[in-house]
Amino acid sequence: MKLNPDCIRDLLLYLENTLSVSKHGCNVFSFDSLSIRQISQGLPTYQDTELVNTIMALEDGGFISASADYCGEGICVLEVNQITYSGYQFIEAVRPDDIWGKIKKTCLKVGSFSLDLVMETGTAALSSAAISLLNL
């Protein structure tokens with residue numbers, strides 16, 4: 001199964017807008033996780049299988065913290081707990097729609113949508129846009 005770059009971006013942006021932290025008592029905090037069911041409802045454009053694959057890849061890549069419970073022949077419970085620092089860096093690199101369009105165009109020409117290439121391309125495009133705003 002291939003990773004869908006639009007699904008990666010949409011999922012991370014959705015998680016950023018939806019995940020939260022709760023305070024319990026004086027100094028106790030907890031991350032409010034999201035189940036695959038909640039995520040599927042929030043991102044109806046994507047099939048559950050694509051979302052599960054994307055979540056597991058992002059967890060494996062260190063972009064999110066997720067937990068999976070296995071039963072029988074597969075995953076029976078899947079929850080996303082939080083976005084990691086690397087995940088937030090990725091989000092910032094791909095957030096602007098115009099930059100995302102440039103990233104996709106560049107990656108199509110190169111023939112790869114690896115997460116590292118997407119992030120590096122986004123960072124380079126953002127740096128270029130910032131420099132042009134400085135009139136250097």
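The backbone oxygen of Val-94 lies 2.7 Å from a polar atom of the Arg-9 side chain, a polar contact in the sense of a pair of N or O atoms within 3.5 Å, where within protein one must be able to donate a hydrogen and the other to accept it, and where residues adjacent in sequence count only if both atoms are side-chain atoms. This is a predicted model, in which local features need pLDDT of at least 70 and side-chain atom pairs count only at pLDDT 80 or more, while totals for chains, interfaces and linings use all residues. Residues are numbered from 1 along each chain as its sequence is written, and side-chain values use heavy atoms, with hydrogens and water left out.

Arg-9 belongs to helix α1, which covers residues 5–18; helices (H or I, at least four residues) and strands (E, at least two) are DSSP runs numbered from the N terminus. With a relative accessibility of 8%, Arg-9 counts as buried, since that class means under 20% relative accessible area, with exposed meaning over 50% and partly exposed lying in between (1.4 Å probe, protein chains only). Leaving aside residues up to four places away in sequence, Arg-9 touches Val-94, Arg-95, Pro-96, Asp-97 and Trp-100, a contact being heavy atoms within 4.5 Å.

**Salt bridges**

Side chains of opposite charge can pair when their charged atoms come close. The structure holds four salt bridges, each defined as a side-chain nitrogen of Lys or Arg within 4 Å of a carboxyl oxygen of Asp or Glu.

Glu-16 is partly exposed with a relative accessible area of 24%, and Arg-95 is partly exposed with 30%.

Glu-92 itself is found in helix α4 (residues 85–94) and, at 43% relative accessibility, counts as partly exposed. Apart from residues up to four places away in sequence, Glu-92 touches Glu-16 and Leu-126. By contrast, the C-alpha atoms of Glu-92 and Ser-35 are separated by 24 Å, the two residues being 57 residues apart along the chain.

**Hairpin and surface patch**

Strand β1 (residues 20–24) contains Val-21, and β1 pairs with strand β2 (residues 28–32) in the antiparallel sense over five bridges; two strands are said to pair if DSSP finds at least two bridges between them. His-24 has Val-28 of β2 as its bridge partner. The two strands form a hairpin with three residues between them, and Gly-25 in the turn has a positive phi of about 75 degrees.

Val-21, Phe-29 and Phe-31 form a nonpolar patch on the surface, with about 330 Å² of accessible area together. Patches are made of residues with over 30% relative accessible area and no salt bridge, with like charges joined within 9 Å and nonpolar side chains (Val, Leu, Ile, Met, Phe, Trp, Tyr) within 5 Å. Accessible areas come from the Shrake-Rupley method with a 1.4 Å probe, and for residues only the protein chains shown count as cover.

**The chain as a whole**

The chain has six helices and five strands, which follow the pattern α-β-β-β-α-α-β-β-α-α-α when read along the sequence. Its C-alpha atoms fill a box of roughly 55 × 45 × 25 Å, taken along the principal axes. Of the 136 residues in the chain, 32% are buried. Among contacts with a separation of 6 or more, 53% are between residues 24 or more positions apart. The accessible surface of the chain comes to about 8,300 Å², and carbon and sulfur atoms account for 53% of that surface.
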